[in-house]
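This report covers the chain as a whole and then turns to one residue within it. The sequence and structure are shown here.

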Amino acid sequence: MDDFKVVGKSHPRFESVKKAIGQAKYTDDYVLPDMVYGMILRSPYAHARVKSIDKSQAEKVPGVLKILLPQDVPDKLFNCSGNPPSPLLIEDERILTDQPLCMGDRIAAVAAVTKEVCKEALDKLIVEYEELPTIFDVDEALREDAPLLHPEISDSNIVKKIEAKQGDVDKGFEESDYVFEDVYYTPMIQNVSMEPNSCICDYTYEGKLNIISTSQTPFQERRVLARLMDMAENDVRIIKPIMGGGFGERQQLHNQHVGAILSKAIGRPVKIINTREEQMYASVVRHSAKIFLKIGVTKDGYIKAFKAKSYYNTGAYTTHGPTVVAAGSRKVNYRIPNYLFEGYCVYTNSPVSGAVRGYGNPQMTFAREVMLNTIAKKLNMDPIEFKMKNHVKAGDKLPAATASLLSCATEECLKGGEEIRKRIDEEESKSRTNNDPNIKEAWGTAFCCHTSGPSSKEGMSSSVILVNDDGTANLLMGSADIGQGSETILSQIAAEGLGIDLKDITVTAADTKFTPYDTGTFASSQTYVGGNAVFLAVKDAREKIIKALARLYGVNEENIIFEKRRFVVRPSNGNLELTFKEAISKITFGQRGVIIIGSSSYKAEEAPPPFAVCWAKVSVDMITGSVSLKHIIEAVDVGKAINPELVEGQVQGGVSMGVGYAMMEQIEIDKKTKKVLSSDLLHYEVPLTLDMPEIHVYIADGYEPTGPFGAKSVGELSTVPVAAAIAIAISNATGEEIKEIPITHSYIARGCSI
């Protein structure tokens, strides 16, 4: 048992009451003096050439202030990704274009005094398009005669090939008793954040650019915007207000560049808020994937060789594509002596793909877990025993990884989840009244791991602790809370480290003018990367307090320690114990007074994986083919759970996204009309309350030595194994393998309560 007072305890999120009573301020709630509105004209075609634009009638609409055409904006190629600079982030996108490569591409923009005037002006823009041939899937894109979307980048539609390897796969297959091969498909899906992409851009008369926006990566966006606008980074300020979700789609520029140029042109703040229709086809989607797997095993169930050849549909622009593919290669939670991953990022005229919760991992995990389940059955082995026989443990390395694992509590996850599963079955067997032989029920189980920070080890964060003279503290950090509760979590780490109460911490976060640098809210990095930065800032503050106390009491610094939330001073005449607040009151004022400021810069050397085991129970009507999802159990190893209630909330939310991925969600494109059909929430299905099963969460008692107070991550992990578990459950119930999701390709998804 630990003796933590703040860490390991469930505390409500700081902003929860504001949200509950309607006082939380989202981007659209801000109104600046003289603010006007902006809207973007988007291409109705998936591939076209703009032959002409007549704006004369649009400019006559009363209230129109500015219309931007492609020739009016900087002619600079860029990559909108909110990742740090990388050769993988190919610059192939323009702010406005006369060569649209997908439906929703930005053609023109207007600023006007009201949203209604904006819309009227857009309607009166006369654009003549020449439609061009389209390709929507990777098979079409890879044909020899396929039109090239970016001939300036590549002589094919393959943006980038990513390879990860270990050992010799050919030799591994030769040494295998059995070799299995198959192909799997995963869909393009939307993030469906409740709040659409939003920004307010204010280019001031002093030449400063201030932006309030839905953002997961304020510092990366500042860097890209500064280059596009020919500005210094200190002249660009990005503020992230309270956000209605992110899930990856705010990990890049969306409309900020357009808003900034409009604001500069008219000298007034400009607000741009996506409509839901724009959000569905003109933000970013998860990469659909076609995955070829080949796995070699021995008779006694050991994996000898694993080869994956994966094609990821990145849509019209590179954005995150190559890094998503690379990330998918790095998260394999099994001991595999001979491993080869070949991933291809492929251009198409589909909606632009980008960051979505899981970042390349859900696709690979679905294919791998389904295939391993099939292999276990053919070996007459229990799938769970087969997977655990090959599962990594502390001291092992993930395939193609350089560092050994320091923590892995998968065995405890399995034990805890199995206890829940047995209890459910016992309770349901007592109350079961329906013995219809056409109804088949079964469980499916999937294993996975993820990451705590970018798996490229580029995670970086910094933090400042300003200690007030009453012993309270202001925490400054660059990390963006997008609804997951990171401000609360990081404040708990600070409070525990300082030995004060959580209420004594005030947070300022994600404002590039006032807060220190953070790589961004992605790769499940906030608790581990941001948390370590806070942990080190707290340590720096404590060391400065010890130095001040040593000077005050005339003792060596070695005679002062901090333990059990107290400073223990050991002068020659006995021990003196001071609480944090008492120590601050002693050292702040007087001739030797000192103000305590703790600071840190943390660069992650590793990204320790959290682990999860997921069980799904389904009921399948063998006559109608309808599937009801009854239960999901997810057991997670997140190291030390800093806030168990928030961990459970993340698992619950992640499961719901996994359920949608497996059961119903898919961006549909009509290849005859070449239009995106899934342009609203009537035509795009997401799980509603009645579609959700009972969710059971188990948090293992893990500990990661390199994490703050032993913590790892949870945010994306929880989504990753769900689709595989559901597909395996259906397969176990019906005897038919599920190789493609959503399951509606073969079955009817029904609400759990029906």
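Charged side chains in this predicted model number 85 positive and 99 negative. The centres of the two sets lie 3 Å apart.

The chain contains 17 helices and 28 strands. Its radius of gyration is 27 Å, close to the 27 Å that the globule rule gives for 754 residues, so the chain is as compact as a globular protein of that length. Along the principal axes, the C-alpha atoms fill a box of roughly 85 × 75 × 55 Å. Among contacts in the chain with a separation of 6 or more, 80% join residues 24 or more positions apart.

Values for the whole chain are listed below.

| Property of the chain | Value |
|---|---|
| Residues that count as buried | 61% of 754 residues |
| Accessible surface | about 29300 Å² |
| Part of that surface belonging to carbon and sulfur atoms | 49% |

Where in the chain is S43 placed? S43 sits in the loop between strand 1 (36-42) and strand 2 (48-54). Is S43 buried or exposed? Its relative accessibility is 1%; residues under 20% are classed as buried, and S43 therefore counts as buried.

Within the local stretch, a polar atom of the S43 side chain lies 2.8 Å from the backbone oxygen of Y45. Leaving aside neighbours within four places in sequence, S43 is in contact with P100, C102, M103, G104, D105, I107 and Y129.

Methods. Residues are numbered from 1 along each chain as its sequence is written. This is a predicted model: local features need pLDDT of at least 70, side-chain atom pairs count only at pLDDT 80 or more; totals for chains, interfaces and linings use all residues. Side-chain values use heavy atoms; hydrogens and water are left out. Helices (H or I, at least four residues) and strands (E, at least two) are DSSP runs, numbered from the N terminus. The radius of gyration is taken over C-alpha atoms; the globule rule is 2.2 Å times the number of residues to the power 0.38. Buried means under 20% relative accessible area, exposed over 50%, partly exposed in between (1.4 Å probe, protein chains only). Contact means heavy atoms within 4.5 Å. Accessible areas come from the Shrake-Rupley method with a 1.4 Å probe; for residues, only the protein chains shown count as cover. Lys and Arg count as positive and Asp and Glu as negative; His and the chain ends are not counted. The place of a charge is taken as NZ of Lys, CZ of Arg, CG of Asp or CD of Glu. A polar contact is a pair of N or O atoms within 3.5 Å; within protein, one must be able to donate a hydrogen and the other to accept it, and residues adjacent in sequence count only if both atoms are side-chain atoms.
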